[in-house]
Amino acid sequence: MTETAHQGSSAGIPDETDVLIVGGGPAGSLLACLLARRGIRTVLVEKQTSLERSFRGETIAAPSVASLNALGFGPALRAHGFLETTAVTTIAEQRKVLRVDYSKFKGLPLPIDIPQPGLIRIFNEHTEGLADHVYLSGWSFGSLIEDGGTVRGAVLTRRGEKVAVRARLVIGADGRFSKVRKASGLVADVQPMARDFLSFLVPRPPSWGSEAQLVIEGDRHLVILPTFPDSLRIGHNLPKRGLGDLRAAGFDAFKRGIMSISPQLAPLVDEHLHTWDDTGFLEIFTAELEEWARDGLLLIGDASHTATPILGQGVNLAMQDAITIVPVIAASLAKGGQDKVVTKAELADFVAKRRAHKIHVTGFQRMQEAQLAVGDPRGIKLRSLRFRLLNNLPGKYRIFNKVINARHEIDPVDLAAARTAPKPVRTGAKALQEAGRD
Ligand SMILES: Cc1cc2nc3c(=O)[nH]c(=O)nc-3n(C[C@H](O)[C@H](O)[C@H](O)COP(=O)(O)OP(=O)(O)OC[C@H]3O[C@@H](n4cnc5c(N)ncnc54)[C@H](O)[C@@H]3O)c2cc1C
């Protein structure tokens, strides 16, 4: 513990808890809810005071939609509203070469688009009424509390104030630039992808329907995603560190470039895209770790493995981590008293399985990105041929099923807890410190 950190009970922040979760994104907020439903004491620390955030992944793949329904979030999702995506079509050099119809995946609902603030709010509202759960918004992770190589909690900070919270497990769910990961000494192999991404929104005309598109022209491409409630989100690749050159060439040139890739999109872009301020930049890299855990510490979501946006898997992978780790944590905590931490050995099986799946997904993404980056005429022809062959392959749906629809178990205890869980509190997650600290 650092010298200036003090125990936080005077502010209503507990001195100790079972699980201290850093990061209230999709992974952390869902995990907090599922643990609290089991009566496990949780503290969820989120550095932002608002759920509103710049754009993040919004696609929830079919198996995760099924899981969210099974875990009792269906009514809240429907009350919020979402958009079902029916298919994705790949258009290469102005020709349709591959179509994946999501209704062909047997026994699964359609994938949905829901903005992250809405999704996270739903998780938080389902957690808020549960006993022994504390949500600290506006507090940041500062450092780990360690004892002989075992993690025993964390020091949290807010505007110069420091509070120590001891825990039997610290979860780093703090995203792609995870500070918990850095503090833990677990080393990430960070690989920049050759290209980055610029994205923007245009209104979605009713005639567009609810199909996503991947539109490729030479070594440039657009990802076009129907977005809730009434937009199209367009992502465009750009060379690594190429934003400066793109801007130097001028906004009109950028616009004309986009319009030349997709004539269908061109009138919408022409009418609705006005300045660079309408666009958002995403640096694309992957981060992979051999080890995700230490005694008393686990990384999940983007902190444990950062994927690329290809096939929209980041939110999914994050939520699947949360769903599948719950019974492992519960079993470990049931074994001992407050001094018993969740050990690396107890987490090993979870890490091995999740890591293998994430590596599989990232491998597919890398292959896809390599295809998209092809620019020579022969390579372009070959790429089109490959897409068309894949389109006609009898095993097409089996291949995509493995990457985007990998099933995951939900523990029966969590299914039962969902059935008896209290109704969500509709006031939005309370910010404990705002009530008690100042
Ligand atoms: C601009 C952008 C676009 C993306 N587009 C896509 C896409 O199209 N498709 C896709 O599948 N994925 C996309 N992703 C990735 C997707 O959003 C993530 O995979 C997903 O959100 C991971 O969830 P998470 O809970 O692990 O982490 P995050 O969603 O990153 O949540 C981490 C949380 O931790 C909080 N936090 C960070 N540091 C601290 C700290 N020190 N103390 C306390 N709290 C902290 C953050 O405020 C945040 O709320 C995109 C990501 C970005 C940034």
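Thr-59 stands opposite Asp-113 in strand S8. The model is predicted. Two bridges join strand S4 to S8 (residues 112-113), and the two strands run antiparallel.

- Three strands make up an open sheet, in the order S4-S8-S5.
- The pairing in this sheet is antiparallel.
- Strand S4 (59-60) and strand S5 (83-84) are the edge strands, and each pairs on one side only.
- Strands of a sheet pair through backbone hydrogen bonds, either parallel or antiparallel.

**Helices H9 and H10**
- The axes of helix H9 (residues 314-333) and helix H10 (residues 344-372) come within 9 Å and cross at roughly 170 degrees.
- That angle makes H9 roughly antiparallel to H10.
- On the H9 side, the contact is made by Leu-317, Asp-321, Thr-324, Ile-325, Val-328 and Ser-332.
- On the H10 side, Glu-346, Leu-347, Phe-350, Arg-354, Lys-358 and Val-361 make the contact.
- The residues of this contact divide into six nonpolar, two polar and four charged.

**Around the ligand**
- The ligand is surrounded by 30 residues.
- The closest are Gly-25, Gly-57, Gly-175, Gly-301 and Gly-314.
- Helix H1 (26-37), strand S3 (42-46), strand S10 (140-147) and H9 each give two or more residues to the shell.
- By type, the shell residues divide into eleven nonpolar, 13 polar and six charged.

Notes:
Residues numbered from 1 in each chain as written. Predicted model: local features only at pLDDT ≥ 70, side-chain atom pairs only at ≥ 80, totals over all residues. Axes fitted to C-alpha atoms, helices over the stretch in contact; angles between N-to-C directions. Helix = DSSP H or I, 4+ residues; strand = E, 2+ residues; numbered from the N terminus. Parallel < 35°, antiparallel > 145°, perpendicular 65-115°, else oblique. Contact = placed C-beta atoms within 7 Å. Nonpolar A, V, L, I, M, F, W, Y, C, P; charged D, E, K, R; others polar. Pairing = 2+ DSSP bridges. Near = placed C-beta within 6 Å.
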